[in-house]
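Here is a short walk through a protein structure. Keep the picture open as you read, and find each residue when it is named.

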Amino acid sequence: MNPQKAGQQNVDTMPIITIENMHKWYGEFHVLKDVNLTVSKGERIVICGPSGSGKSTLIRCINRLEEHQRGRIVVDGIELTNDLKNIEKIRTEVGMVFQHFNLFPHLTILENLTLGPIWVRKTPKKEAEQIAMYYLEKVRIAEQAKKFPGQLSGGQQQRVAIARSLCMKPNVMLFDEPTSALDPEMVKEVLDVMISLAQEGMTMLVVSHEMGFAKSVAHRVLFMDSGEILEENSPEEFFHHPQHERTKLFLSQILD
Amino acid sequence: MATMELTKPQKVADAIKPPVTSIGIIGWMRVNLFDGWFNSILSLIVLYLLSMTLPSFIKWAFINSSWFTTSDQCKAGSGACWSVITANIRFITFGFYPHQLQWRPLLAMIILVLLLFFSQNRKHWRKSLAYAWLLGLFSMGLLLKGGLGLEVVDSDNWGGLPLTLLLSVFGLTAAYPIGVMLALGRQSRMPIIKSFSVVYIELIRGVPLISMLFMSSVVFPLFLPEGVTLNKILRAQVAIILFTAAYIAEVVRGGLQGMNKGQYEAAESLGLNYFQAMRLIILPQALKIVIPPSMGILISAFKDTSLVVIIALYDLLKTTQTTLSDPKWMGFSAEAYFFVALVYFVCCYAMSNYSRRLEKELDTGH
Ligand SMILES: Nc1ncnc2c1ncn2[C@@H]1O[C@H](COP(=O)(O)OP(=O)(O)O)[C@@H](O)[C@H]1O
Ligand SMILES: [Mg+2]
């Protein structure tokens, strides 16, 4: 298995996400400082860094769950401004997977998946259910379609959450520590789904400390510290020849 | 000791079955009445009090009671005089509604009860039910008020149980959505909507219902243009709706605050707009959390409709009191109030039972 090779052919030079001189503050607190990042179509980026360094905030700015105050973010040719129409448009293009799954507990698995297509994409119900079943098969959980999220294990819930995003046919997928709330024995089943997504050429930004995952699928690894992208490199270089002292320190800590 | 316990559980685990506890009456009593010394003492006290009061109550209410007698016969007897109810049942139930037309409010109430009964099953919540309600409301209005060939009955003559049901069923069903909107308004990012909701809720909650009813009947008409009059029942109805809505709003707000932030984010990141996110994701969960306190408010609002007596509306309680002011039936207030309490209890019990069932049905195990 060598997903990296397979994926590399998909990398296009056309940028799908462009972030230029972006700053964000929470009140007086400067969370993101002059962030510059260009993501090409089909590119897969893993973001790591100590807790509180602004990783979540960065990817949440990309689908406007958080608002940036300076600089530019352009996703799929649309600049993120206060225009609600643009924001809703971008959110349908960008899928997001959360650390705590955030499935809708009052809806069945199937309803969780069809909700977006039916209400946002205006897909007919029958067709939405077919799409949903297709992606449930894909994350190998189709037999649970009629259950409620509360009846599933953490790993299963996270796979459903990934399928829910995929049902919107996004061009970009954002993952915010998708495996860090899981029991260790469930991490692999979720990473496997993400790897197969990578093999299909999905553009992915993944906040994660899973080194194995980064090595096998990422084109680039970014290291963030106190709101800045401090270092950025290929996985091999990043893990074996880190440049910055803080990166070395961080890697030594997560390798324990 | 440690070694003994290490080997033991393995064997025992195979043999253990769930213990058979409550066998027969004795078992039931042990579990329900005499579970521990504190509960046993409580049970004994309660049993003692019951044994003191229950026999004499049964004697009064059933054995020595008179059911279909005149008031004089009642006064001669020693038991309860239920005749005060049976002899006046039509006035208590329908107030001053014309005697020969009282089948009309009766039919209206039957329609209402049937509709309510049918609506409690969530499986029936379809479009056809909405049409049934529209049709039902129209025919109930027609039956009460008259028109289309039916003799017109002025609303001043409406009273008794139909009035109580009218005020509460419409009061509560209209107050709930308004309360939900106020709760959402209070969380709104738009300052005008937010401050309107806050001011409204706090103002109304700072005023007792009785004074709102009073204002609606005395103060409000002063502001109406000359010659325009608003039906007294309608004014009371509006006061009840506005009042209850404020309380519902606060309960719903509690439910909204209890929601996990992740639910909003997941809804937003799917591209749902505000109204879709609220309607499909947030409210179904938030309202489910607040079923018990909402039902508490609805039940107390139902009982509070009896305050309309102060603006001279003849609801069930008032018609009963009026009966008691008849010299013939004076002195049988215990029986009459017992009856009214029973009617209120049946309605309230049905409501709280329904809320418990709804809660269970909506439970998805999270
Ligand atoms: N809503 C918020 N208000 C104020 N500060 C916040 C908020 N969200 C995050 N922060 C702060 O911003 C910093 C970056 O947070 P975050 O992006 O979640 O970090 P990471 O995901 O890298 O752990 C942290 O110091 C955090 O305390
Ligand atoms: Mg984070």
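We begin at the ligand. This is a predicted model, and a polar side-chain atom of Ser56(A) lies 2.6 Å from an oxygen atom of ligand 1. Lys55(A) also reaches the ligand, with a polar side-chain atom 2.8 Å from one of its oxygen atoms. Ser53(A) makes its approach through the backbone: an N or O atom there lies 3.2 Å from an oxygen atom of ligand 1. Taken alone, ligand 1 exposes 560 Å². The protein buries 59% of that.

Which elements give two or more residues to the shell around the ligand? They are strand E2 (29-40) and helix H2 (55-62) of chain A. H2(A) gives the largest share, three residues. Now look at the whole shell. It includes Tyr26(A), Phe29(A) and Val31(A). Pro50(A), Ser51(A), Gly52(A), Ser53(A) and Gly54(A) also belong to it. Lys55(A), Ser56(A) and Thr57(A) complete the list. By type, the shell divides into four nonpolar residues, six polar and one charged.

Stay with strand E2 of chain A for a moment. Asp34(A) has its place in this strand. Its phi is positive, about 50°, although Asp34(A) is not a glycine. Why is that worth a look? Most residues other than glycine have a negative phi. Asp34(A) is partly exposed, with a relative accessible area of 39%. Ser226(A) also has a positive phi, near 35°, and is a residue other than glycine. Where does Ser226(A) sit? Find the loop between strand E9 (220-225) and strand E10 (228-233) of chain A. Ser226(A) counts as partly exposed, at 33% relative accessibility.

Next come the charged pairs. Side chains of opposite charge can pair when their charged atoms come close. How many salt bridges does the structure hold over all chains? The count is 22.

Start with Lys188(A) and Asp192(A). They form a salt bridge, and their closest N and O atoms are 2.9 Å apart. Both residues lie in helix H7 (residues 184-199) of chain A. They are four residues apart there, so about one helical turn separates them. Is Lys188(A) buried or exposed? Lys188(A) is exposed, with a relative accessible area of 56%. Asp192(A) is partly exposed, at 30%.

Move to chain B for a pair of the helical-turn kind. Lys261(B) and Glu265(B) meet through their side chains in a salt bridge of 3.4 Å, N to O. Both lie in helix H12 (residues 261-269) of chain B. They are four residues apart, about one turn of the helix. The two ends have contrasting surroundings. Lys261(B) counts as exposed, at 58% relative accessibility, whereas Glu265(B) is buried, with a relative accessible area of 11%.

Some salt bridges share partners. Such bridges join Arg186(B), Glu202(B), Arg205(B), Glu250(B) and Arg253(B) into one network. Take one pair from this group. Arg186(B) forms a salt bridge with Glu202(B), and the closest N and O atoms are 3.1 Å apart. Arg186(B) lies in helix H8 (residues 160-186) of chain B, while Glu202(B) lies in helix H9 (residues 191-205) of chain B. The pair therefore ties together parts that are 16 residues apart in sequence. Arg186(B) counts as buried, at 14% relative accessibility. Glu202(B) is partly exposed, with a relative accessible area of 36%.

Our last stop is a cysteine in chain B. Cys74(B) lies in helix H4 (residues 71-76) of that chain. Is Cys74(B) buried or exposed? Its relative accessible area is 2%, and a residue under 20% is called buried, so Cys74(B) is buried. What does Cys74(B) touch, not counting residues up to four places away in sequence? Its contacts are Ser66(B), Thr69(B), Cys81(B), Ser83(B) and Phe332(B).

Notes:
Residues are numbered from 1 along each chain as its sequence is written. Chains are lettered from A and ligands numbered from 1 in the order in which they are written. This is a predicted model: local features need pLDDT of at least 70, side-chain atom pairs count only at pLDDT 80 or more; totals for chains, interfaces and linings use all residues. Side-chain values use heavy atoms; hydrogens and water are left out. A residue is near a molecule or strand if one of its heavy atoms lies within 4 Å of it. A polar contact is a pair of N or O atoms within 3.5 Å; within protein, one must be able to donate a hydrogen and the other to accept it, and residues adjacent in sequence count only if both atoms are side-chain atoms. Accessible areas come from the Shrake-Rupley method with a 1.4 Å probe; for residues, only the protein chains shown count as cover. Ala, Val, Leu, Ile, Met, Phe, Trp, Tyr, Cys and Pro count as nonpolar, Asp, Glu, Lys and Arg as charged, and the others, Gly among them, as polar. A salt bridge is a side-chain nitrogen of Lys or Arg within 4 Å of a carboxyl oxygen of Asp or Glu. Buried means under 20% relative accessible area, exposed over 50%, partly exposed in between (1.4 Å probe, protein chains only). Contact means heavy atoms within 4.5 Å.
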